[in-house]
Amino acid sequence: MKPVSSDDPGKTSIQVIERMISLLDTLARYPDPVSLKELSAATSLHPSTAHRILNDLVLKRFVDRSEPGTYRLGMRLLELGNVVKSRLNVREAALDFMRLLHRKTNQTVNLSVRQSDEIVYIDRAFSERSGMQVVRAIGGRAPLHLTSTGKLFLSIDDPKMVRAYATRTGLAGHNKNSITDLSKLERELSLVRALGYARDNEELELGVRCMAAGIRDDSGKLIAGLSISAPADRLQEEWVDDLVTTAQQISVVLGYVAQPQEVS
C-alpha cells in the first residue's frame, strides 16, 4: 500500500475542513466580532492560513466580515440551522431515548402531546414482559387532568385557563381516584410546578400509575410529555431521576438550552 504523504489530496481536504470547523467554533465563543489576530492565536493557525480560509467562508456566507480585519458568524449558518430544526420532530428525537429508558425500567414509556383539552399518545416503547396491558394505543386520547402528561400542560396554564378548562370539561372522572374537584386540581398543579414532574395515581386507570416529565423545544416551549406507566405496585421512586434526565436529553436534541437556575 502506498504511504499517505503530507500532500495527499484526501488528507489535505480533511485538514482544511478541520481548520474551518476550528474557526467557526472559535467565532461561536465570542459575542462580538473577532480580529484575525485573535482568531489566529485561538486556533493556532498561521494568520495567512486563517485569512485564506475565512475569505472562503465569507464568500459562502458562513462568516461575515464586520469591518476590515474582524469576523463574526454568518447568516448562512442560521439558514441551515432552521432547515435542521424544520426537519426535526419530537418522535424522531425521542425514540432512541425512550427505548433506553424502557430497557432500564422494563416498563412502558409513552410520548404524548397536547391537543386542546386532551393528550394524544404519539409513540410508545414497551414489551409484553412489563406485566401491564397497554391501556391507550398510539393515537389514543385522554383528559388532561387525569394523566401525568396532561397535568404538566395544565401546570403551565394561568389560573384563568385552568378554571376555563374545568368549566369546559366538568372535570369528569373515570374512577374513584380521579381528580374531579377544581381546588384539588389546583393544589395538584402547584405540586407539579414545585417538583418539575407530574404523577397519575390510578386516576385514569385503576391499577396503573404514571410519572411524566416535560420535553421542551429550542424556544423553551413545553411541546410533549415523556411518561412511565407501570402496575401501581411496581412504580419505583428512583425512576423519577431517570425520567427527568431522559426528557432533558430529548429537549437538548431539539435545541433546548436549560437556564442556569434550573435543577439538573
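This is a predicted model: local features need pLDDT of at least 70, side-chain atom pairs count only at pLDDT 80 or more; totals for chains, interfaces and linings use all residues.
## Where helix 7 touches helix 8

On the helix 7 side you'll find V162, R163 and A166, and they meet L182, L185, E186 and L189 of helix 8. Sort those residues by class and you get five nonpolar and two charged, with no polar ones.

## How helix 7 and helix 8 cross

Two packed helices are described by the angle between their axes and the distance between the axes. Helix 7 covers residues 159–169 and helix 8 covers residues 182–195; their axes cross at roughly 135° and come within 11 Å.

## Helix 5 alongside helix 9

Now for another pair. Helix 5 (residues 90–105) packs against helix 9 (residues 239–253) with the axes 9 Å apart and an angle of about 165°. This angle is over 145 degrees, so helix 5 and helix 9 are roughly antiparallel to each other. Their crossing is right-handed.

Which residues in helix 5 and helix 9 meet? Helix 5 brings A93, A94, F97, L101, K104 and T105, while helix 9 brings W239, D242, L243, T246, Q249, I250 and V253. Within this contact, eight residues are nonpolar, three are polar and two are charged.

Methods. Residues are numbered from 1 along each chain as its sequence is written. Side-chain values use heavy atoms; hydrogens and water are left out. Axes are lines fitted to C-alpha atoms, for helices over the stretch in contact, and angles run from 0 to 180 degrees between N-to-C directions. Helices (H or I, at least four residues) and strands (E, at least two) are DSSP runs, numbered from the N terminus. Contact means heavy atoms within 4.5 Å. Ala, Val, Leu, Ile, Met, Phe, Trp, Tyr, Cys and Pro count as nonpolar, Asp, Glu, Lys and Arg as charged, and the others, Gly among them, as polar. Angles under 35 degrees count as roughly parallel, over 145 as roughly antiparallel, 65 to 115 as roughly perpendicular and the rest as oblique. A crossing is left-handed if the near helix is turned anticlockwise from the far one by less than a right angle, and right-handed if clockwise.
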